[in-house]
Each structure stands twice: as structure tokens, then as C-alpha cells.
Amino acid sequence: MTDGAVTEVARVLVAADKFKGSLTAVQVAERVTAGLRRVVPELEVETLPVADGGDGTVAAAVAAGFERREVTVTGPVGEPVTAAFALRGTTAVVEMAEASGLQLLPEGVFAPLTATTYGSGEVLRAALDAGATTIVFGVGGSATTDGGAGMLAALGAVFLDADGEPVGPGGGALADLASADLSGVDPRFADVDFVLASDVDNPLTGPKGCAAVYGPQKGASPKDVATLDAALAHYAQVLEKAIGPRAAELAASPGSGGAGGIGYGALLLGASFRPGIELMLEVLGFAPALERATLVITGEGSLDEQTLHGKAPAGVAAAARAAGKEAVAVCGRLALPPEALGTAGIRRAYPLTDLEPDPAKSIPNAGPLLEQVSANIARDFLL
């Protein structure tokens, strides 16, 4: 393909995640498409914004044809917030970050001990009310470390202290938990295909648990981390008394530590655990789109070591390689060597920092820069 002629069958699939802090996944797809068509105006481009279960998952589902539904729920620090979920037929995509995410906190304010997942439970209930019989529950980007206790309480569970009063919000208050009763949880969950979509496989507690690994990202000091981890361990012990050994088994299960332990709450509700990107690609209809493509472009804001552990670009590239399709990536910054990219199935990566090394300039100008690197992809792979 060096004679300047466009390959007759060239069809590009753009399946990238958001560039956190600068572009949504939908905007990434729009900019990549514009850059490609600068060089090949008649190019066939199909866009399928993707997400791995974290923030941006509902937006990706809506871009794939799901209906956006909004509901007013309890935010992470108790204030009302508007949260969206996505619905197509009887399948709902619910994103915990919409109700309990870090982005809902006032700027510079954290609430590691008191942030609650109550609103996430309210969104799940709204999805049930909308007729969902399959719920994909994407977790990530949380402000919370409450083991899903708030979510369960919103769905009918009762958590009381020694005085018979409801325990307060957040993971810190679970230290005061004396009794738990899950018998009042919404009975509709018994008939729902409930799937936990997460890109982390951490257990609930311990050195690899949600407090130790992710608490500091939510403003938890070392003392807070110790407090939260002990409170979550106590929470699991009280639940073991209430429902038996299954509570302890689930606390040690992969994914129970997802999003501050809301994964644990979801598993208690009967959810099955699936890697987020793998599940989301199924829900979004990635396989037929991949079949139609000759080149796949994926990406996210930072291609780094985390990308290789279940993030969207790694999932897209792995699926492309399995289908015998070539994949390249766009990113804000690249922190992986070529051999790691190759192992992941990514032929080449195009970071915006190649054009503008200063993040203070590249982040606010991510859109135009992304168009430029996408034009370079067209020159390298389509002419």
C-alpha cells in the first residue's frame, strides 16, 4: 500500500476509551474519524466508544444505541445527584460512578470514611423498576470504601449498631456494626441476571484489599486505611453470622474489592463476576463491528502498565488479534515499550506527547492533537 491509492476494502473501527480529564470516548471517536478523513475523505469509519466498567460505561452504552435514563439519587456525601443508566430492551447498564463516583465530590474534597454507595443501590432499583431482567453493573471510579453496605441498605438490607440504630454512612461506620439482616433485600434480584463488570480482581480486605490499594486515591491517610480495612473485616464477620460462610468466601473472592468493596455487595446480591472490558465488548456489539473492519484503532488517555491489566485498549487489541485484525492505539501519553505493546496485540501507539510534550498544553488541546495523530495513522496504514 505504497502507491498512494486507498485500499478498496479499507474500513476502520474506532473502539477507544475516554482520555480522562480531556475527552470522552465519544469525542475521541469523533476526533479520530475527522483526522482519518483529512487524509482519506471517503474512508468508511465505524465508531464504537468503549469502557471497561468504570466511569464512562453508561455513555459508551448510549453511544451503542441504549436509551439513557436519568434518576435523582443520593450522592456519595448525601446530597442529591442526577445519575444515568442505560437501557435497551430488558438489559440495563448501570455505572456505580454515576451515583457514587469521585467526580461527584466537591473539588479537592474527599470523604474516605463517610462516602456512601446508597445512591448506587437507588440506581439499581430504578433499573429494576424500568423492567430490566439483565443488569450489567460497572464498578470503578468510586469515592467510596463501604463494602457496598450503602447500596445494600438502599435495596432493603438493615445494618444496626449495638443500640439498634442504623449505622452511619461510609466504611468507617461499619466498625460500629452489630447486626445485619439481608432478608428484606429487593426480591427481584433472585430473577435477574446480575453481572459485576470490573477491571480489578482484588479481595475485600488485606494488603491487596480495596482500602489498602485504592483508599489513598480517595483521600485516605494510612490511619484511615487501617480503620477502613478493620471495619470491612468486621462487616464481613457480622455478615457471616447473618448469612453463613458464604459471606467470608465472597469477601475473599476476586472482584469483591472492586470500587471500594461495592463488588462485595454485588456478589452478596448474587452477581457473577466478569472482567469489565470483556463483558462490555459483548454488550456493545463489538464482535460484528470487528468482523466488518480491516483496521482497529483503540486507546485511552494513558497507555501504561495498568492498561495491560484489563483496561479497554488491551481488551480491544486482544479481540482484534484473535480475529486476525491489526490494531493500533492512540493515547495522551505512552509509558509502555514497543515489546509490551506487541505482546498486548497493539502494532503501534500514537501518543499526543509526540506532537506536544508539555501536558499543560497537550491536555487542553487534546482534540486537535488527536486529529493530527489520526491523520498520521491514515498515512501510515491506509495509503
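Glutamate 98 lies in helix H3, residues 97-100; helices here are DSSP runs of H or I with at least four residues, and strands are runs of E with at least two, numbered from the N terminus. The model is predicted, so local features need pLDDT of at least 70 and side-chain atom pairs count only at pLDDT 80 or more, while totals for chains, interfaces and linings use all residues. Residues are numbered from 1 along each chain as its sequence is written, and side-chain values use heavy atoms, with hydrogens and water left out.

Is glutamate 98 buried or exposed? Glutamate 98 is buried, where buried means under 20% relative accessible area, exposed over 50%, and partly exposed in between, for a 1.4 Å probe and protein chains only.

Let us turn to the salt bridges. By this rule the count comes to 19. In one of them, glutamate 371 meets arginine 31 at 2.9 Å, N to O. Glutamate 371 belongs to helix H15 (residues 366-381) and arginine 31 to helix H1 (residues 25-39), so the pair ties together parts 340 residues apart in sequence. Glutamate 371 is buried, at 14% relative accessible area, whereas arginine 31 is partly exposed, at 29%.

Definitions and conventions:
Lys and Arg count as positive and Asp and Glu as negative; His and the chain ends are not counted. A salt bridge is a side-chain nitrogen of Lys or Arg within 4 Å of a carboxyl oxygen of Asp or Glu.
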